[in-house]
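Visitor: I would like to learn how to read a few features of this model. Could you walk me through them, one at a time?

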Amino acid sequence: MRQLLPAALVLGFACAAAHAETIGSVDTVFKLIGPDHKIVVEAYDDPRVAGVSCYLSRAKTGGIKGAVGLAEDKADASVACRQVGPLQFKGKLPRQEEVFTERASIFFKHVRVVRMVDSKRNALVYLVYSDRLIEGSPKNSVTAVAVPGDQPIPVR
């Protein structure tokens with residue numbers, strides 16, 4: 001158990017590094033008690049590709065459960081990733097890697113963004129989906145960032 005603690009701490013700090021910046025939100029359902037249901041737009045910078053930001057929109061459940069963190073958010077999410085500056089790769093990229101994850105409920109449900117490398121078209125493809133411990137959702141969204149042809153993507 002003592003040997004697992006340092007590894008868990010390092011992993012926790014690595015996951016915490018890719019945090020969301022809230023861009024804005026819109027209310028979708030009025031709730032008399034607690035916050036309204038809403039759609040939130042958040043920005044994430046790709047931790048291994050400087051110059052790429054992903055904008056994630058997703059449903060957030062309000063009400064009393066939402067206020068105290070016990071609500072389960074819906075699986076609906078959309079992603080749009082764009083080049084927002086010069087592209088710089090921080091080492092070689094795996095062909096597929098989870099780059100962001102965020103809880104969608106207090107237990108077992110997450111919204112995940114996975115980066116895939118399309119070497120043939122020299123593009124980075126980002127997929128957002130929701131999963132649960134037992135059963136995930138087929139709802140998903142995909143976007144791609146074209147990398148200039150004179151800048152090959154370094155792949156492991």
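Guide: Gladly; let us begin with a side-chain pair. The side chains of Y44 and E42 are joined by a polar contact of 3.4 Å. A polar contact is a pair of N or O atoms within 3.5 Å; within protein, one must be able to donate a hydrogen and the other to accept it, and residues adjacent in sequence count only if both atoms are side-chain atoms. Keep in mind that this is a predicted model, where local features need pLDDT of at least 70 and side-chain atom pairs count only at pLDDT 80 or more, while totals for chains, interfaces and linings use all residues. Residues are numbered from 1 along each chain as its sequence is written, and side-chain values use heavy atoms, with hydrogens and water left out.

Visitor: Is Y44 buried or exposed?

Guide: Buried means under 20% relative accessible area, exposed over 50%, and partly exposed in between (1.4 Å probe, protein chains only). Y44 has a relative accessible area of 3%, so Y44 is buried. Y44 sits in strand β2, and its C-alpha atom is 7.8 Å from that of L56, 12 residues apart along the chain.

Visitor: How do I read the order of strands in the open sheet?

Guide: Strands of a sheet pair through backbone hydrogen bonds, either parallel or antiparallel. Strands here are DSSP runs (E, at least two residues), numbered from the N terminus, and two of them pair if DSSP finds at least two bridges between them. In this model, 4 strands form an open sheet in the order β1-β2-β3-β4, with antiparallel pairing. At the edges are β1 (21–29) and β4 (77–89), each pairing on one side only. From one strand to the next, the twist averages 15°; the axes are lines fitted to C-alpha atoms, with angles from 0 to 180 degrees between N-to-C directions.

Visitor: How many bridges join β1 to β2?

Guide: There are 7, linking β1 to β2 (residues 37–45) in an antiparallel pair. As one example, V29 has H37 in β2 as its bridge partner.

Visitor: Which cysteines form a disulfide?

Guide: A disulfide is a pair of cysteine sulfur atoms within 2.5 Å. By this rule there is 1: C54 and C81, with sulfur atoms 2.0 Å apart. The link is right-handed, at 105° about the S-S bond. Because C54 lies in β3 (residues 49–60) and C81 in β4, the pair ties together parts 27 residues apart in sequence. Both C54 and C81 are buried.
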